[in-house]
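Please look at the sequence and the fold together, and read the report below with both in view. It begins with a helix and then turns to a sheet.

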Amino acid sequence: MARIAVMLCGSGRGDGSEIQESVSVLVHLARHNATVRCFAPDQDQADVIDHATGKPMTERRNCMRESARISRGNIAPLTALQIADHDALVIPGGFGAAKNLCTFATDGPAMTVQPEVKRVVLGFAQARKPMALCCIAPMIAARLLGKAAGGPGVRLTLGPAGSPAAQAAESFGSVHVPAAATEAVVDTQARVVTSPAYMHDHATPFEVYTGIGRMIDGLRQMLGR
C-alpha cells in the first residue's frame with residue numbers, strides 16, 4: 001500500500017483547508033487503499049473567518065488543531081513529516097493554503113512559502129516522489145519548482161486562463177494549463193498532478209470530487225512508475 005502524507009492547514013475554505021476538497025482527497029486515497037497520515041503546521045492561522053458571514057473574527061485558532069477536525073484526530077505537526085516515511089504528498093486547497101502555507105493571498109507574486117512547507121515540498125521533489133495539489137495549492141509548487149527559483153518549472157493548473165493566479169504561476173517560470181473542475185493535469189517530468197477544484201467558483205461538489213479523483217488516479221499511476 002502506498003504511504004501518503006496529506007498536508008492540511010485548518011478547517012474551512014476561508015481560513016484553512018477547504019473541507020470538501022480535503023474529504024474528497026481522503027476518500028479517493030482510501031479508494032486506492034493508501035495508508036494516509038495527515039500533517040499541519042503547529043501555528044496560529046493567519047486569520048479566522050466567520051464562514052456564515054465571510055467576515056474576519058478576532059479569535060485565534062491553531063492550524064493543526066483545526067485540521068484535526070477533518071482528519072478525525074489523525075494529525076501530526078508538519079515538523080514531524082519525514083520524506084523517507086512516505087511515497088507521495090497531497091495538498092488540498094482553500095484560502096488557508098494561500099494564507100498559512102504561503103503568503104500568496106496577501107503578497108501575490110511576491111509570496112513566500114512557510115519554511116516547513118518549503119522543506120517538505122522540496123524534499124519530495126528532490127527525492128522524485130510525486131505530489132498532488134488542488135485549487136490554489138499548486139501555487140506553492142509553481143513558486144518553489146518554477147524556473148525563477150532554479151527549478152525545472154511545472155506544468156500545472158489553477159483553473160481558468162488569464163487569472164491572477166495563472167499569471168503569477170507563469171511569472172515563476174511554470175506553465176499554466178487551463179482546466180475544468182472535473183479535470184486533472186499531469187506533469188510526468190516534474191512528477192506533479194494538479195486539479196482546479198474550487199478555483200472555479202461555481203463548480204459543484206461532485207465536479208470537484210470528480211476532478212480530485214482524477215488527480216489521485218494520476219498520482220497513483222506515478223507511484224507505479
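The model shown here is a predicted one.

Helix 1 covers residues 19-31, and at 1.5 Å a residue its 13 residues should span 18 Å, which agrees with the 18 Å between its end C-alpha atoms. Which residues of helix 1 are buried? They are Glu21, Ser22, Ser24, Val25, His28 and Leu29. These residues cover an arc of only 160 degrees around the axis, so they lie on the same side of helix 1. As a general rule, an α-helix has 3.6 residues a turn, so residues three or four places apart point the same way. Among the elements that cover the buried residues of helix 1 are strand 1 (3-7), strand 2 (35-40), helix 2 (63-71) and helix 8 (205-223).

The sheet is open and is formed by seven strands in the order 5-2-1-6-7-11-10, with mixed pairing. Strand 5 (75-77) and strand 10 (185-187) stand at the edges, and because each has a single partner strand, one side of each is left without a neighbour in the sheet. From one strand to the next, the twist averages 25 degrees.

Two helices lie across strands of this sheet, as the table sets out.

| Helix | Strands it lies across | Angle |
|---|---|---|
| Helix 1 | strand 1, strand 2, strand 6, strand 7 | about 175 degrees to strand 1 |
| Helix 8 | strand 1, strand 6, strand 7, strand 10, strand 11 | about 175 degrees to strand 11 |

Strand 11 (residues 192-195) runs parallel to strand 7, to which four bridges join it, whereas strand 10 and strand 11 pair in the antiparallel sense over three bridges. In strand 11, Thr194 is the bridge partner of Leu133 and also of Val185, while Val192 is the bridge partner of Met131. Both faces of strand 11 are covered, with Val192 and Thr194 buried on one side and Val193 and Ser195 buried on the other. In a regular strand, the side chains alternate between the two faces of the sheet. The hairpin of strand 10 and strand 11 has four residues between the strands, and in this hairpin Arg191 takes a positive phi near 60 degrees.

Technical notes:
Residues numbered from 1 in each chain as written. Predicted model: local features only at pLDDT ≥ 70, side-chain atom pairs only at ≥ 80, totals over all residues. Heavy atoms only, no water. Expected span 1.5 Å × (residues − 1). Buried < 20%, exposed > 50% of the residue type's maximum accessible area, 1.4 Å probe, protein only. Arc of directions from axis to C-beta. Contact = heavy atoms within 4.5 Å. Pairing = 2+ DSSP bridges. Axes fitted to C-alpha atoms, helices over the stretch in contact; angles between N-to-C directions.
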